[in-house]
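Trainee: Let's go through a protein interface together. Please show me the structure.

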Amino acid sequence: MTAASDDLACIELVELVTDYLEDAVSEFDRERIERHLSGCDSCTAYVEQMRQTIAAAGRLTPGDVPPSIVDPLLAIFRASRRTES
Amino acid sequence: MVDATNPRVTGDDEAIVMGLRAGDERVFIDLVQRYQRPLLGLAQTFVPSQAVAEEVVQDTWIAVIKGIDRFEGRSSLRTWVFRILTYQAKSRGERERRSIPMSAFQTAPGQDEPAVDPSRFRPPDGSRSPGHWADPPADWGSDAEARLLGRETQEVIASAMATLAPAQRLVMTLRDLEGWGSDDVCAALEISPGNQRVLLHRARSRVRASLEQYFVEAARV
């Protein structure tokens with residue numbers, strides 16, 4: 001298959017994925033990307049994997065900031081507000 | 001990034017500031033819970049040591065407590081807090097006689113950090129499908145969705161993020177873990193949207209690669 005001059009190569013597409021998912025590509029590039037994706041199962045899989053990565057990262061639960069950090073700050077906060085009144 | 005002539009104090013900010021000034025401990029604890037990790041992430045872009053980074057964040061909170069009565073709302077509360085941290089981190093760096101590093105957020109164009117190992121693509125000057133996948137993304141398997149909900153993949157992600165450059169880790173943490181919007185990240189870190197996207201791109205690409213490796217190994221078992 002001969003590549004037309006404005007066709008994307010896969011190695012280029014993987015660098016555009018974030019911009020694409022952020023809606024930060026030009027209309028022209030969006031069309032190039034989607035045209036490429038419609039004909040490339042590998043890149044389609046790659047974009048899907050990026051989506052899955054983002055979704056999975058979003059499920060990381062950081063947990064509460066431990067009391068060892070909060071408590072000393074709270075003590076300082078209490079003390080400071082006492083002197084302010 | 002923040003327009004100083006356009007006060008960004010939201011109604012939310014007003015309630016928080018009033019609560020802090022009134023000594024409302026729940027408001028204070030809530031603020032700490034919300035910003036501790038982002039602040040720590042930002043501190044880590046300035047100082048390499050985890051212990052020093054934690055101290056910088058603690059000093060920041062103390063400065064917030066002491067300065068809250070003087071906060072004028074010319075910027076958002078968040079921007080004010082993050083700027084205090086930046087100041088604390090830089091002061092700390094100077095006091096310890098470390099030269100202030102080049103901003104961890106500068107992303108030089110052409111700095112070689114491709115999203116995918118280039119050897120996985122056909123050579124760009126070759127005759128057969130230049131630049132196309134030679135070694136395509138591994139199939140994550142039919143149980144990928146289920147695995148992605150589990151503890152193991154969470155650990156893979158956490159480990160991968162721990163290996164990222166601090167600025168990349170921070171941007172991905174704020175966007176994908178803490179759920180901040182792009183504008184909020186750019187405002188808090190005072191970086192451009194383009195810069196933010198480059199850091200996010202590199203971070204996410206690395207984490208995807210780690211997940212791919214995990215799935216490949218899981219399939220071998």
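Predicted model: local features only at pLDDT ≥ 70, side-chain atom pairs only at ≥ 80, totals over all residues.

Mentor: Residues are numbered from 1 along each chain as its sequence is written, chains are lettered from A and ligands numbered from 1 in the order in which they are written, and side-chain values use heavy atoms, with hydrogens and water left out.

Trainee: How many residues of chain B are in contact with chain A?

Mentor: Contact means heavy atoms within 4.5 Å. Chain A brings 41 residues, and chain B brings 50.

Trainee: How many salt bridges are there between chain A and chain B?

Mentor: A salt bridge puts a side-chain nitrogen of Lys or Arg within 4 Å of a carboxyl oxygen of Asp or Glu. B:Arg197 and A:Asp19 form one, at 3.0 Å from N to O. The count between the two chains is 4.

Trainee: Is A:Arg81 buried or exposed?

Mentor: Buried means under 20% relative accessible area and exposed over 50%, with partly exposed in between (1.4 Å probe, protein chains only). A:Arg81 has 11% relative accessibility, so A:Arg81 counts as buried.

Trainee: Which residue of chain B has its backbone oxygen 2.8 Å from a polar atom of the A:Arg81 side chain?

Mentor: A:Arg81 touches several residues of chain B, including B:Leu20, B:Ile65 and B:Asp69. The backbone oxygen at 2.8 Å belongs to B:Arg21.

Methods:
Polar contact = N/O pair within 3.5 Å; in protein donor to acceptor, adjacent residues only side chain to side chain. Lists of a residue's contacts leave out its neighbours within four places in sequence.
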